[in-house]
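Me: I'd like to learn how to read the features of a structure like this one. Could you walk me through it?

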Amino acid sequence: METKRFFNPFIGENYEAGLSGKKVLVIGDSFYCAHSEDCKYFQECTDMLKKDSSKFDTVCPDYGPRKLSLSDAPTGELEEMYRAYKNFGEFLSGYAEGTDCVTAWQNVAFTNYVQFFVPSATSHSRDAVSERDFEAFKETVLELKPDIVFVWGTIAGDAIRRGRKEVYDYDTPEFHAKEGYVSHLRLDGLDKDVVIINTYHPCNMYGRWSSSLPQLRKYTDEVIGNR
């Protein structure tokens with residue numbers, strides 16, 4: 001079957017157990033390459049018009065020595081456990097008993113929305129998003145059948161809500177009533193609604209992440225059933 005997906009999602013060993021019995025998928029924004037000065041593949045691999053890094057999947061001079069393909073970036077990034085993953089892991093650990101910011105990730109699946117490497121941390125703009133990304137997102141949801149999808153930031157969140165506008169209005173009354181945190185998604189081939197929880201990006205540079213945690217916990221508690 002032809003796939004629109006480039007990145008292989010990380011699937012934690014306890015994914016089926018999930019968080020309080022609910023299967024959870026985490027969707028980040030995009031991966032970026034920090035090797036603009038020393039990689040001969042950089043320009044083509046991160047081309048914002050082609051939006052296709054697959055040609056360099058197995059020859060990346062950064063991922064290759066780590067015995068990873070570019071398409072394994074979701075797993076590779078979690079192994080590095082950068083600050084954004086620690087922050088979100090700390091949040092997840094509140095819903096997975098006996099875990100910390102690292103081990104909590106074993107209870108969820110993770111991938112990024114944009115399906116190629118963008119040139120830099122500052123270039124993950126709406127220009128990077130394409131229709132392919134929503135099709136790839138659908139593939140992952142239909143494969144993993146999560147009950148809850150956490151989406152980091154407004155770029156992926158907006159794209160997902162727009163992508164399913166044929167089923168629901170883009171901004172639903174629920175979305176507004178719940179302060180932009182919660183909406184629902186129904187896809188053909190899935191026999192249930194998926195709850196979308198849109199969060200601020202958990203990177204340190206986004207100060208709203210820390211200040212928004214009370215609201216995020218409130219709505220996550222409602223969805224998971226802790227309240």
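Me: Which residues touch the most other members of the largest nonpolar core?

Reply: A word on the source before that: this is a predicted model, where local features need pLDDT of at least 70, side-chain atom pairs count only at pLDDT 80 or more, and totals for chains, interfaces and linings use all residues. Residues are numbered from 1 along each chain as its sequence is written, and side-chain values use heavy atoms, with hydrogens and water left out.

Now the general idea: in soluble globular proteins, nonpolar side chains tend to be buried together. A nonpolar core here is a set of buried Ala, Val, Leu, Ile, Met, Phe, Trp, Tyr and Cys residues joined through side-chain atoms within 4.5 Å. Buried means under 20% relative accessible area, exposed means over 50%, and partly exposed lies in between (1.4 Å probe, protein chains only). In this model the largest core has 44 residues, and Val26, Phe88, Phe91, Trp105, Phe110 and Phe150 touch the most other members.

Me: Which elements give two or more residues to this core?

Reply: Helices (H or I, at least four residues) and strands (E, at least two) are DSSP runs, numbered from the N terminus. The contributors are strands E2 (24-28), E6 (148-152) and E8 (194-199), together with helices H1 (42-45), H2 (73-80), H3 (83-93) and H7 (208-224). H7 supplies the largest share, 6 residues. There is also a second, separate core of 19 residues, with Phe134, Val151, Leu187 and Ile196 among them.

Me: What is Phe91 in contact with, beyond its neighbours within four places in sequence?

Reply: Contact means heavy atoms within 4.5 Å. By that rule, Phe91 meets Phe150, Trp209, Leu213, Leu216, Arg217 and Thr220.

Me: In what order do the strands of the open sheet run?

Reply: Strands of a sheet pair through backbone hydrogen bonds, either parallel or antiparallel. For the count, two strands pair if DSSP finds at least two bridges between them. Here 6 strands follow the order E1-E4-E2-E6-E8-E7, with mixed pairing. E1 and E7 (182-185) are the edge strands, each with a single partner, so one side of each has no neighbour in the sheet. E7 pairs with E8 in the antiparallel sense over 4 bridges, and Val182 has Ile197 in E8 as its bridge partner.

Me: Which strands does H7 lie across?

Reply: H7 lies across E6, E7 and E8, running at about 170° to E8. Such angles run from 0 to 180 degrees between N-to-C directions, with axes as lines fitted to C-alpha atoms, for helices over the stretch in contact. H4 lies across E1, E2, E4, E6, E7 and E8, at about 165° to E2.

Me: How many salt bridges does the rule give?

Reply: Side chains of opposite charge can pair when their charged atoms come close. A salt bridge is a side-chain nitrogen of Lys or Arg within 4 Å of a carboxyl oxygen of Asp or Glu. The count comes to 11. One of them joins Arg5 and Glu143 (2.9 Å, N to O), linking the segment before E1 with helix H4 across 138 residues. Arg5 counts as buried at 19% relative accessibility, whereas Glu143 is partly exposed at 43%.

Me: What about Asp133, buried or exposed?

Reply: Asp133, in helix H4 (residues 131-144), is buried yet has no salt bridge, and the nearest side chain of opposite charge, Arg132, is 5.3 Å away. For charge, Lys and Arg count as positive and Asp and Glu as negative, while His and the chain ends are not counted.
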